[in-house]
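Here is a friendly briefing on charged pairs and on the surroundings of a ligand. Please have the viewer open as you read.

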Amino acid sequence: MSSINRRTFAAGTAAIAGTFLMSACGGGRGSTSEGSGDGASGFAADSVIGISLPWLGTQNWAEAQTLFETDLKKAGFSPLIQAADNKVAQQQQQIEAMVEQGAKVIVVGPIDGTQLGSALQSAHDAGVKVIGYDRLIENTKAVDAVVQFGSVRTGELQGQSLLDGLAERKGAGPHNIELFGGGPADPNAPNFFKGAMSVLQPKIDDGTLVVVSGETDFQQCATPDWDNGKAQARMDTLLSGNYSDKPIHGVLAPNDGIARAILTSAAGAGQEVPVVDGLDAETESVTSIWEGQQYSTVYKPTKDLVAKTLELIAAYQKGEEPAAPTEKVDNGSIEVPVYALDPVVVTKENAKEVFADDPDRLALLK
Ligand code: BGC
């Protein structure tokens, strides 16, 4: 209780400091939007835009950091970008500091979808627009929009790709498989798992797939903090406990880092390469796919998500209503406008086509 009170107090102080700071520099930064006649709800075209990333532990977040820096500058804004090393308190403080520094929009990839309510409420109270980036922000009214790739859809593609890979590489079955989920605090992780299970469960029920360990609940399969080392340790345990006398044919992996951890573990146990899907089209995994190891990944181009986020920021800057969202999602508190982009499965077969407009990834395919 006392820690909640302390947090509330700290957030309140930040909000007051932020309000003071904004009114103190209103004559300077505010002048552009006043001069352009865009109305009271817009803001200066060179305003500070805060970007709060959860960590830089997977390639997508590192790419977002670079792209936001260049694209926000190109659009005339002043980017203020921070990553929080997967520590919730650090992310809360970084958001509070962004408000104090006069950010007009704060874009947040939350570490824990449910733990930012008071920091974001203070931001909202100070007139800051809040955009959830790649992950939903839950249990708060203080969110204006979310941009992401469909998270249940991503899971469906992962599940389907695992099935396709098994049929292609491992014959008719039945197939022995294991299931992995992402970090349980990340609102994407249960959705990825749910989407995948919507495809896999019927095949488990009819006996085509056998989860030899019997671990099929998200909580049993989740990987705390999306930590590849923890996934590898779980895979080692699953293999030594259940597969000393049988092959493992496939594994559901929630992202590329975990996919590679699974492949490393399987090789260490002397197993033939199992069919493993992934997510993010990370450099090492694209190479692994090209070399016939990892079976697939799901590509969700960071440049498209950053571009969509910049569209929203540009609308807010002008004081305009952004384009209609793809859907509204109940975040436990309000119906949040969600702008959802479509992810794409990549295998060795279609990689050149999918990466035709991504020179860095295309260059890996040789
Ligand atoms: C993102 C993935 C990423 C994972 C771990 C998820 O929320 O959607 O792209 O691999 O977090 O960082």
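Arg361 pairs with Glu63 in a salt bridge, with 2.9 Å between the closest N and O atoms; the term stands for a side-chain nitrogen of Lys or Arg within 4 Å of a carboxyl oxygen of Asp or Glu. This is a predicted model, in which local features need pLDDT of at least 70 and side-chain atom pairs count only at pLDDT 80 or more, while totals for chains, interfaces and linings use all residues. Residues are numbered from 1 along each chain as its sequence is written, and side-chain values use heavy atoms, with hydrogens and water left out.

**Salt bridges**

- The count of salt bridges comes to 17.
- Arg361 belongs to helix H15 (residues 359-362) and Glu63 to helix H4 (residues 59-74), so their pair ties together parts that are 298 residues apart in sequence. Helices here are DSSP runs of H or I with at least four residues, numbered from the N terminus.
- Arg361 is buried, at 7% relative accessible area; buried means under 20%, exposed over 50%, and partly exposed in between, using a 1.4 Å probe and protein chains only.
- Glu156 and Arg153 also form a salt bridge, at 3.0 Å from N to O. They are separated by about one helical turn because they are three residues apart in helix H7 (residues 151-169).
- Both partners are partly exposed: Glu156 has a relative accessible area of 27%, and Arg153 has 40%.
- Asp227 and Lys230 make another salt bridge, their closest N and O atoms being 4.0 Å apart. Asp227 is partly exposed at 29% relative accessibility, as is Lys230 at 38%.
- Shared partners join Glu63, Asp358 and Arg361 into one salt-bridge network.

**Around the ligand**

- Which residues come nearest to the ligand? Of the 14 around it, they are Asp134, Arg135, Asp186, Asp280 and Lys300; a residue counts as near if one of its heavy atoms lies within 4 Å.
- A polar side-chain atom of Lys300 is 2.8 Å from an oxygen atom of the ligand.
- For Asn188, a side-chain N or O atom lies 2.9 Å from a ligand oxygen, and for Asn255 a polar side-chain atom is 3.0 Å from one.
- The ligand exposes 310 Å² when taken alone, and the protein buries 100% of that; accessible areas come from the Shrake-Rupley method with a 1.4 Å probe.
- H4 and helix H8 (188-205) are the elements that give two or more residues to the shell around the ligand.

Conventions
A polar contact is a pair of N or O atoms within 3.5 Å; within protein, one must be able to donate a hydrogen and the other to accept it, and residues adjacent in sequence count only if both atoms are side-chain atoms.
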